[in-house]
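Work through the exercises below with the sequence and the structure side by side. Each task is followed by its solution.

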Amino acid sequence: MKNKLKKFDPFDEDYQKDPYKYYPKYQEFDPVHWGESASPWRDGSWYIFSYNDIETLMMEKNKLGKDVKTNLPEFYKSPENEFSARLTELFSSLPLFQDPPEHTRSRKLIIKYFNNNLIRESIPKIEQIVEPLLNSVNHDRFDLVKNITSTLPLLVIARLIGIPEKDVKYLKSLTLKIIDALDAKTSKEVYYIAGNAAFELQKYFKLLFEVKKISPENDIFSKFIQSQAEDNISDDEIISFVIFLLFTGYPTTTIFLSKSILHLISNPNQLSKLLNNPNLMDSAIEELLRYRGVMLT
């Protein structure tokens, strides 16, 4: 049966429609499977479908790594052109793609300012953003993603970082162009566009860095700069931190909010239960993250 299994492809159109129907076959017949890569830089990827195997790997997570160039040099392929190189440079600078001890250090520096205390203190600011958005839509019928969930996270993270509101639409355009390049089935033209967007994004934050140095405000960007000497952080590290917060605070939150509301609407009993008992919100969020998380499907 193993040889008859289709080579697993996370970007297969049928898989994207319903991923869960695929898993049992691989779990039973080929739980450690060599399939199509989700990265354009590799010829393939290993997929682990067994819960016990995944649990074992997570217990040994200190032996795993995200930096392919360092951990599996035989699998690493150099960027094909300057546009791919720009993307590689951008992503390799982000904490999301770092291994310890670099990741440990970056995480410690980021949560110094981006933490639960900041979120609690920012609730009034967030409410100031949410209310106008809700009031601006036709409450009988509106596009949830277009009007709310693709706008709210970006406005919130931009305000926390210290990005001027006038620049939000421009940064949204750059971010979406870069995200398009994460699709393994994309074209070279998309990489060309994403590479330029990566260059423009870094250039924008370098200019904003200089502005914040001269005129700091009560935002995360300014706090990173003000503690630069104390924490021994380079200019490039600070810029990578704020870009990381932009990426993790905008696209992933948009996907999660959109899918969570869809799942609740599709399960009216659960939605009613939550509306009647708001104290369940924390556990509801945990379950929604477990159920589909921030997968694009």
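The model is predicted, so local features need pLDDT of at least 70 and side-chain atom pairs count only at pLDDT 80 or more, while totals for chains, interfaces and linings use all residues. Residues are numbered from 1 along each chain as its sequence is written, and side-chain values use heavy atoms, without hydrogens and water.

**Exercise 1.** Classify the aromatic pair of F205 and F221.

Step 1. Rings of Phe, Tyr and Trp (its six-membered ring) pair if their centres lie within 6.5 Å; planes under 30 degrees apart are stacked, over 60 edge-to-face, and the rest tilted.
Step 2. The structure holds 16 aromatic pairs. In the pair of F205 and F221, the centres are 6.2 Å apart and the planes at 55°, which makes the pair tilted.
Step 3. F205 lies in helix α11 (residues 188–214) and F221 in helix α12 (residues 220–226), 16 residues apart. Helices here are DSSP runs (H or I, at least four residues), numbered from the N terminus.

**Exercise 2.** State whether F205 is buried or exposed.

Step 1. Buried means under 20% relative accessible area, exposed over 50%, and partly exposed in between (1.4 Å probe, protein chains only).
Step 2. F205 has 0% relative accessibility, so F205 is buried.
Step 3. F221, also at 0%, is buried.

**Exercise 3.** Classify the pair of F224 and F241.

Step 1. The ring centres of F224 and F241 are 5.5 Å apart with planes at 55°, so this pair is tilted.
Step 2. F224 is in helix α12 and F241 in helix α14 (residues 235–249), 17 residues apart.
Step 3. F224 is buried at 0%, and F241 is buried at 1%.

Terms used:
Helices (H or I, at least four residues) and strands (E, at least two) are DSSP runs, numbered from the N terminus.
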